[in-house]
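Colleague: I have a model open and would like a close look at one part of it. Please start with the overall layout, then turn to the charged side chains.

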Amino acid sequence: MEATTKIKKSVLVRQQKDEAKAIQGGAAVAKLNDCPTSPRKMRLVVDLIRGKEVFAALSILKFTNKEAAIRVEKLLFSAINNWEAKNEGKRADESGLFVKEISVGGGRQLKRLRPAPQGRGYRIRKRSNHITLVVDSKNVNN
């Protein structure tokens with residue numbers, strides 16, 4: 001009896017998630033996985049645009065002199081296009097899009113050895129990261 005209620009509850013939760021995805025409009029998500037930049041360097045760029053209006057964030061990224069800014073700019077364009085696809089008939093510049101949420105998490109590390117004195121080897125950790133960007137409109141009625 002217990003097992004059937006757990007299964008039914010999990011099916012119900014899955015159906016609720018599917019219904020929430022099917023609702024027209026709302027926030028759009030873009031993800032970038034295994035970006036070969038250290039998370040610490042990426043967070044410096046991401047913190048510049050968190051909570052900003054989308055087109056202001058694009059101009060900030062365009063004139064930021066870091067390699068990570070190029071990758072975040074492409075991801076932001078992708079999130080804008082995802083939002084426009086989700087909200088058909090609406091334009092991003094008219095609806096007041098803003099960066100609702102952006103987060104950087106550590107990805108996998110490639111471990112390499114660098115030759116060191118006296119036959120030893122120093123470990124080099126080549127870090128990567130995952131970025132999740134959520135874009136939403138400020139206008140509730142859109």
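How many helices and strands are there in the protein? Then take me to the salt bridges: which residues are linked in a network?

Modeller: First, the ground rules. This is a predicted model, so local features need pLDDT of at least 70 and side-chain atom pairs count only at pLDDT 80 or more, while totals for chains, interfaces and linings use all residues. Residues are numbered from 1 along each chain as its sequence is written, and side-chain values use heavy atoms, with hydrogens and water left out.

Now the layout. The protein has five helices and five strands. These are DSSP runs numbered from the N terminus: helices are H or I with at least four residues, strands are E with at least two. Reading from the N terminus, the order is α-β-α-α-α-α-β-β-β-β. The protein has 142 residues, and 30% of them count as buried. Buried means under 20% relative accessible area, exposed means over 50%, and partly exposed lies in between (1.4 Å probe, protein chains only). Among contacts (heavy atoms within 4.5 Å) with a separation of 6 or more, 70% join residues 24 or more positions apart.

On to your salt bridges. The structure holds five. The rule is a side-chain nitrogen of Lys or Arg within 4 Å of a carboxyl oxygen of Asp or Glu. Side chains of opposite charge can pair when their charged atoms come close.

The network links Arg-91, Asp-93 and Glu-94. Arg-91 meets Asp-93 at 3.2 Å, N to O. Arg-91 also pairs with Glu-94, where the closest N and O atoms are 3.6 Å apart. How covered are these side chains? Arg-91 has a relative accessible area of 48%, so it is partly exposed. Asp-93 is partly exposed too, because its value is 47%. Glu-94 reaches 55% and therefore counts as exposed.

Another of the bridges sits in a helix. Glu-67 and Arg-71 both lie in helix H4, residues 67–86. They are four residues apart, about one turn of the helix. Their closest N and O atoms are 2.8 Å apart. Glu-67 is exposed because its relative accessibility is 52%. Arg-71 is at 27%, so it is partly exposed.

Some charges belong to a patch instead. Lys-111, Arg-123, Arg-125 and Arg-127 form a positive surface patch. Patch residues have over 30% relative accessible area and no salt bridge; like charges are joined within 9 Å, nonpolar side chains (Val, Leu, Ile, Met, Phe, Trp, Tyr) within 5 Å. Lys and Arg count as positive, Asp and Glu as negative; His and the chain ends are not counted. A charge is placed at NZ of Lys, CZ of Arg, CG of Asp or CD of Glu. Arg-125 is partly exposed because its relative accessibility is 46%.

Two backbone details remain. Gln-118 sits in the loop between strand E3 (110–115) and E4. Its phi is positive, near 60°, in a residue other than glycine. Gln-118 is at 73% relative accessibility, so it counts as exposed. Asp-34 is in strand E1, residues 28–35. Asp-34 is not a glycine, yet its phi is positive, about 55°. At 34% relative accessible area, Asp-34 is partly exposed.

Terms used. Areas by Shrake-Rupley, 256 points an atom, 1.4 Å probe, with all protein chains shown as cover.
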